[in-house]
Amino acid sequence: MKQRLLKIRGREIELVEKKPRRLEARIDDPWALPEAVASLLEAYPDGVYISAITAVDLPQEESIELDYIFWVIPEKTAVTLRTRVPRADPRAPSIAGLLPGASAYEQEVYDLMGVVFEGNESLRRIFTPPDIGSGYPLRKDWKEG
């Protein structure tokens, strides 16, 4: 891949090769994520799409890990950007303004894990039935009813 460095707040974050054609970077501050995504888009202006946003509940660490998975088409390479948000107040910036396709993934993570993506005006419960209550079914402490 021609660019393996993302620029965030004047620093460079290296994309580390975990497997052939699978790169990843950890972004310590979730609020820096849009800058990392913008850096990726700048390097490949017509060749990046978002493939998924996944969330892992880590109650023992009092956090939720967010994995943003991108496909860099010219390089035929998957890039994962990992960050964490506090479980007690799970908020992250939306990247839907940079990649509109991210909006649906953000809605899914909001609905099932309760992560609020600041700036996404479309956040609402889309998978869970109205009678599910106020909990989030993919959190490890969720109880039905």
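Tutor: Contact here means heavy atoms within 4.5 Å, and the model we are reading with that cut-off is a predicted one.

Student: Which residues does Pro34 touch, not counting those up to four places away in sequence?

Tutor: With sequence neighbours up to four places away set aside, Pro34 touches Pro93, Ser94, Ile95 and Leu98.

Student: Why does Arg21 count as partly exposed?

Tutor: Its relative accessibility is 46%, and because buried means under 20% and exposed means over 50%, a value in between is called partly exposed. Arg21 lies in the loop between β3 (16-19) and β4, and its phi is near 65°, a positive value in a residue other than glycine.

Student: What makes Lys76 exposed?

Tutor: Lys76 has a relative accessible area of 54%, and exposed means over 50%, so the label follows. Lys76 lies in the loop between β6 and β7, and it has a positive phi of about 50° although it is not a glycine.

Student: Which residues in the largest nonpolar core touch the most other members?

Tutor: Of its 34 residues, these are Leu66, Tyr68, Phe70 and Leu81. The elements that give two or more residues to this core are β1 (5-8), β4 (22-26), α1 (33-43), β5 (48-58), β6 (63-72), β7 (77-86) and α2 (102-113), and α1 gives the most, with six residues.

Student: What classes of residue make up the lining of the largest pocket?

Tutor: The lining has four nonpolar, no polar and five charged residues, and the pocket has a volume of about 160 Å³. Ile8, Ile13, Ile27 and Ala32 are in the lining, and because Ile and Ala count as nonpolar, these residues belong to that class. Arg9, Arg11, Arg26, Asp28 and Asp29 also line the pocket, and Arg and Asp count as charged.

Note on methods:
Residues are numbered from 1 along each chain as its sequence is written. This is a predicted model: local features need pLDDT of at least 70, side-chain atom pairs count only at pLDDT 80 or more; totals for chains, interfaces and linings use all residues. Side-chain values use heavy atoms; hydrogens and water are left out. On a 1 Å grid over the protein atoms alone, a cavity is a set of points where a 1.4 Å probe fits but cannot get out, and a pocket is an open set with protein on both sides within 12 Å along at least five of seven lines; lining residues have an atom within 4 Å of a point. Grid points are joined across faces, edges and corners, and a volume is the space filled by probe spheres set on the points. A nonpolar core is a set of buried Ala, Val, Leu, Ile, Met, Phe, Trp, Tyr and Cys residues joined through side-chain atoms within 4.5 Å. Buried means under 20% relative accessible area, exposed over 50%, partly exposed in between (1.4 Å probe, protein chains only). Helices (H or I, at least four residues) and strands (E, at least two) are DSSP runs, numbered from the N terminus.
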